[in-house]
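Let's take a walk through this fold, starting with its rings and charges and ending with its strands. Keep the viewer open as you read.

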Amino acid sequence: MNFLAQIVVWLNAVANAVGKWLLAPIGVLPGWLSATAIAAVTGVLLLAVFKYTSNQRAIKRVRDDIKAHLLALKLFKDSAVVAVRAQGRIFAGGLRLFFFSLVPMAVMAVPVMLILGQLALWYQSRPLQVGEDAVLTLKLHEGAGDRWPAVSLQPTDAVEVAVGPVRVQSKREICWSLKARESGYHRLVFHVGDETIDKELAVGDRFMRVSAKRPGWSWSDALLHPWEKPFAPDSPVQSVEINYPARSSWTSGTNYWMIYWFVVSMVAALCFRRVLNVNI
């Protein structure tokens, strides 16, 4: 699992470098426009990947076979034997199409997860606004023992500590209530025992890249929160998370953006299927 986490960290480094530049226009475009454009482009790109990683000739033969049996159902609807045989072959054809799609789906799985991880940085949460409060939670490593290290948040002009630190003994968590004071990207610095760690904070009233959590050494957490480097397995800190507000929108809002991305990318792929001559 440690090796898998390292693989995800390497992939995230590449995705972050590419996404930092390619997704920068999101910060200046209306949310619906950027979400639509990105979904349409990725839908067409994934369609091209499907074309060159699938057996197009075999898929075309199966589709033609299914069409022939659908025609047989229409022409010989009074024959129960023909109808049952045609339905069975249509069902078998559907299974064969599913089988032929497994390879391209496996090829596309990793790029799609990386793309969704990058888009989540922009659409899943919105940044804090000046004067707005948020809860920051630092979780200590479960194997750190009963003794708590000394933990402090370095003062900064970017935020004001309204409440905290508050220790939650049962969960090995330390919480602060922070009030944003300055717009922009800021680094929150913590002193945990003899170690110094940091966490990115986004403050502003526009679209900004928001990293809600700096994860621990877990491949799944690193995949969901790709921007900041995960804590090492031997780190006394397991994660640092900021409770950013949800973004309200049907196209680029919290959780809804994933549904919108899926629908628009599918529609774009279907619209360009004949242009790219792809059998699906």
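A charge counts as sitting over a ring if NZ of Lys or CZ of Arg is within 6 Å of the ring centre and within 35 degrees of the ring normal. By that rule, R209 has its charged end over the ring of Y185, 4.6 Å from the centre. R172 does likewise with W148, lying over the face at 5.4 Å from the ring centre.

Before going further, some ground rules: residues are numbered from 1 along each chain as its sequence is written, and side-chain values use heavy atoms, with hydrogens and water left out. This is a predicted model, where local features need pLDDT of at least 70 and side-chain atom pairs count only at pLDDT 80 or more, while totals for chains, interfaces and linings use all residues.

Now for rings that meet other rings. Rings of Phe, Tyr and Trp (its six-membered ring) pair if their centres lie within 6.5 Å; planes under 30 degrees apart count as stacked, over 60 as edge-to-face and the rest as tilted. The whole structure holds 5 aromatic pairs. Take Y123 and F207: their ring centres are 6.0 Å apart and the planes meet at 80°, so this pair is edge-to-face. Y123 belongs to helix α4 (residues 80–123) and F207 to the loop between β6 and β7 (213–214), so the pair ties together parts that are 84 residues apart in sequence. Helices (H or I, at least four residues) and strands (E, at least two) are DSSP runs, numbered from the N terminus. Both Y123 and F207 are buried, where buried means under 20% relative accessible area, exposed over 50% and partly exposed in between (1.4 Å probe, protein chains only). Ring pairs also bring in W257, making a cluster of Y123, F207 and W257.

W250 and Y256 make a tilted pair, 4.6 Å centre to centre with 55° between the planes. W250 counts as exposed at 67% relative accessibility, and Y256 is partly exposed at 38%.

What about the nonpolar interior? A nonpolar core here is a set of buried Ala, Val, Leu, Ile, Met, Phe, Trp, Tyr and Cys residues joined through side-chain atoms within 4.5 Å. The largest one has 29 residues, and L138, W176, L188 and F190 touch the most other members. β1 (133–140), β2 (151–153), β4 (173–180), β5 (184–192), β6 (195–203) and β8 (237–242) each supply at least two residues of this core. A second, separate core of 23 residues includes L23, A35, F50 and L119. Back at F190, its contacts (heavy atoms within 4.5 Å) include L136, L138, W176, I197 and V240, leaving aside residues up to four places away in sequence.

Finally, the strands, which pair if DSSP finds at least two bridges between them. β2 and β5 are joined by 3 bridges, and S152 has H191 in β5 as its bridge partner. Elsewhere, β1 and β8 pair antiparallel over 5 bridges, with K139 opposite S239 in β8. β7 and β8 are also antiparallel, over 2 bridges, and R214 stands opposite V240 in β8.
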